Amino acid sequence: EWGAGFVRDDVKEYDTLSDGTAGKLEPNLVNFALCRDYVDEWVIVNEKEIAEGMYKLLKMEHLMIEGSAGVAFCGMTKVAKDLQGKTAVVVLCGRNMNADRYLD
């Protein structure tokens, strides 16, 4: 059963640009409770969107981000119209990315 406060340890991991969001949730994980309590909406993005978002920020802003930040950026981009006139924040963290991955 899955519900608020429940931690799954049987989540399958996949190869992804966003290794920080790729898999298992350990017991007593601090950020799980924070997300459960404070995230208002979840937006699903795919690998192609993550890669395109990372490239867009690199090309337009000269900002190299890791895949987890690409997930956040792409999610914000998908719901941008719904956020017009509102205060919204997306954290663009980390540079834990091998430059060769940008070429894939």
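**Entry 1. The chain as a whole**

I started with burial: 21% of the chain's 104 residues count as buried. I note that this is a predicted model. Next I looked up the secondary structure and found 5 helices and 0 strands. Read from the N terminus, the order is α-α-α-α-α. I then checked the surface. The chain exposes about 8200 Å², and carbon and sulfur atoms supply 53% of that area. Last, I looked at contacts between residues at least 6 apart in sequence; 59% of these join residues at least 24 apart.

**Entry 2. Helix H3**

I turned to H3, which covers residues 67–78. This helix has 12 residues. From first C-alpha to last it reaches 16 Å, close to the 16 Å expected at 1.5 Å a residue. Which residues of H3 are buried? I listed Gly67, Ser68, Ala69, Gly70, Phe73, Cys74 and Gly75.

**Entry 3. The nonpolar core**

I looked up the largest nonpolar core and counted 9 residues. The members are Leu17, Val45, Ile50, Met54, Leu57, Ile65, Ala69, Phe73 and Cys74. H2 and H3 each supply at least two residues of this core. Ala69, Phe73 and Cys74 had already come up among the buried residues of H3.

**Entry 4. Ser18**

I picked Ser18, in the segment before helix H1 (30–38). Is Ser18 buried or exposed? Its relative accessible area is 1%, so I log Ser18 as buried, the cut-off being under 20%. I set aside neighbours within four places in sequence and read off the contacts of Ser18: Ile50, Gly67, Ser68 and Val71. With Ser68 there is also a polar contact, side chain to side chain, at 3.4 Å. Ser68 is itself on my list of buried H3 residues, and Ile50 is on my core list.

**Entry 5. Leu92**

I finished with Leu92, in the loop between helix H4 (80–83) and helix H5 (99–103). Leu92 has a relative accessible area of 35%, so I log this residue as partly exposed; buried would need under 20% and exposed over 50%. What does Leu92 contact, leaving aside neighbours within four places in sequence? I found Leu57, Leu63, Ile65, Ala69 and Phe73. The core list includes Leu57, Ile65, Ala69 and Phe73. I also took one distance: Leu92 and Gly67 are 25 residues apart in sequence and 9.8 Å apart in space, C-alpha to C-alpha.

Notes
Residues numbered from 1 in each chain as written. Predicted model: local features only at pLDDT ≥ 70, side-chain atom pairs only at ≥ 80, totals over all residues. Heavy atoms only, no water. Helix = DSSP H or I, 4+ residues; strand = E, 2+ residues; numbered from the N terminus. Expected span 1.5 Å × (residues − 1). Buried < 20%, exposed > 50% of the residue type's maximum accessible area, 1.4 Å probe, protein only. Core = buried A, V, L, I, M, F, W, Y, C linked by side-chain atoms within 4.5 Å. Contact = heavy atoms within 4.5 Å. Areas by Shrake-Rupley, 256 points an atom, 1.4 Å probe, with all protein chains shown as cover. Polar contact = N/O pair within 3.5 Å; in protein donor to acceptor, adjacent residues only side chain to side chain.
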